[in-house]
Amino acid sequence: MNTLHLKYAIEVEKTGSISKAAENLYMNQPQLSKAIRELEESVGISIFKRSSKGVVPTTKGAEFIMDAKGIIAQMERLEATYNPKKSGAITLDAAVYRCEYISSAFSRFLMRMRDEKKGKITYRETNTTRAIKNVATGENNIGIIKCNADYEQYFLQMLEERELRYEVLWEYDEMVLIAADNPLAKKELITEEELEDMTELLFGDNLIYYGRSARSVKTAHENEKVRHMFIYERAGMCDALRSGENLYARITPPPYGYYNKEEFAVLPIQGESTRYHDILFYRKDYKKSASDELFIEAVKEIISEL
């Protein structure tokens, strides 16, 4: 059960109108109606019925809403006591994909917040599907994902179906990260043909489903000619590249100086390369905090520097 849906039901009961409640909640009427239907399905009762007076609770619905009000009141008391947002302190709760420039933006955000005495910060690096799910259900407040430009409409549809606002942060071509002692590191550009003789490192939990059937499952780097090695945390990628094996990883363009030139080389790919979009998103009924805005500002600053 989504606690946001409890608030929706309370607002409908208060106004006696789906359209008026939707207006007060800054939603459109179909979205609110869908949320109420989902809530009714999850609790197994009809909460509202239409009458000459508008939308009114059923007998069971009135009992449910009374309990819902108690739950929301308890939550608000807990937030007033423990949530730093209520006291104006720093608060950030983000789910993002593993990426050099985003982690740099997070570090910049922390530096700007270093004088804050109170607050709570959650910064979760995860895969695309989980980031969307976490933000949609309220587990995290904002998210950033990476998507292949060719499949952007699939991702945008996924966000819209979950009633999430979004904006495309930027568009870019991936680059290649290899060990500095690799002979190819001395080149200015690297070709796809040269990569065919190497093993590509991929984050194993970042494989992306681009379709709704097994036949349409693809990964962002699907290439039958390329050998793959799957890892599950950021340090593992760097450790593997340092091993001296013939390994590489495709990465988002990193901030200048992010990788030590004595250890790693970052190279553009020659010829046609795949375009990617990074997308920021959050719930339509969520009002971004001052801390959210400062983090997003840091992300956009890093992008402009790139």
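Is Asn127 buried or exposed? Asn127 is buried, with a relative accessible area of 10%, where buried means under 20% relative accessible area, exposed over 50% and partly exposed in between, computed with a 1.4 Å probe on protein chains only. The model is a predicted one, in which local features need pLDDT of at least 70 and side-chain atom pairs count only at pLDDT 80 or more, while totals for chains, interfaces and linings use all residues. Residues are numbered from 1 along each chain as its sequence is written, and side-chain values use heavy atoms, with hydrogens and water left out.

Asn127 lies in the loop between strand S4 (119–125) and helix H6 (128–136); helices (H or I, at least four residues) and strands (E, at least two) are DSSP runs, numbered from the N terminus. Its side chain reaches the backbone nitrogen of Arg130 at 2.8 Å and the backbone nitrogen of Thr129 at 3.3 Å. Such a polar contact is a pair of N or O atoms within 3.5 Å; within protein, one must be able to donate a hydrogen and the other to accept it, and residues adjacent in sequence count only if both atoms are side-chain atoms.

The buried residues of H1 are Leu4, His5, Leu6, Tyr8, Ala9, Ile10, Glu11 and Val12. After H1 comes Gly16, whose phi is positive, near 70°.

H1 also takes part in the second largest pocket, for H1 and helix H3 (29–43) each supply at least two residues of the lining. About 330 Å³ of space lies in this pocket. Of the 18 lining residues, the closest to the centre of the pocket are His5, Glu38, Ala136, Arg162 and Glu163. On a 1 Å grid over the protein atoms alone, a pocket is an open set of points with protein on both sides within 12 Å along at least five of seven lines, and lining residues have an atom within 4 Å of a point. Grid points are joined across faces, edges and corners, and the volume is the space filled by probe spheres set on the points. H3 gives the most to the lining, with 4 residues. By class, the lining divides into 6 nonpolar, 4 polar and 8 charged residues; Ala, Val, Leu, Ile, Met, Phe, Trp, Tyr, Cys and Pro count as nonpolar, Asp, Glu, Lys and Arg as charged, and the others, Gly among them, as polar.

Glu163, one of the residues closest to the pocket centre, is found in the loop between helix H7 (152–161) and strand S6 (164–173). At 17% relative accessibility, Glu163 counts as buried. Its phi is near 55°, a positive value in a residue other than glycine.

Strand S6 leads on to strand S12 (residues 275–283), to which S6 is joined in the antiparallel sense by 9 bridges; two strands pair if DSSP finds at least two bridges between them. Within this pairing, Leu164 has Arg283 of S12 as its bridge partner. Strand S5 (residues 142–148) also runs antiparallel to S12, through 7 bridges, and Ile142 stands opposite Tyr282 in S12. Because 8 of the 9 residues of S12 are buried, this strand is largely enclosed by the rest of the structure. His277 is found in S12 and is buried, with a relative accessible area of 9%. The side chain of His277 makes a polar contact with the side chain of Glu171 at 3.2 Å.

A further enclosed strand is S7 (residues 175–179): 5 of its 5 residues are buried, so S7 is largely enclosed by the rest of the structure. S7 pairs with strand S11 (residues 264–268) in the antiparallel sense over 5 bridges, and Ile178 has Ala265 of S11 as its bridge partner. S7 also pairs with strand S10 (residues 247–251), again antiparallel, over 3 bridges; there, Met175 is partnered by Ile251. Strand S10 holds Tyr248, which counts as buried at 0% relative accessibility. The C-alpha atoms of Tyr248 and Met237, 11 residues apart along the chain, are separated by 9.0 Å.

Definitions and conventions: On a 1 Å grid over the protein atoms alone, a cavity is a set of points where a 1.4 Å probe fits but cannot get out, and a pocket is an open set with protein on both sides within 12 Å along at least five of seven lines; lining residues have an atom within 4 Å of a point.
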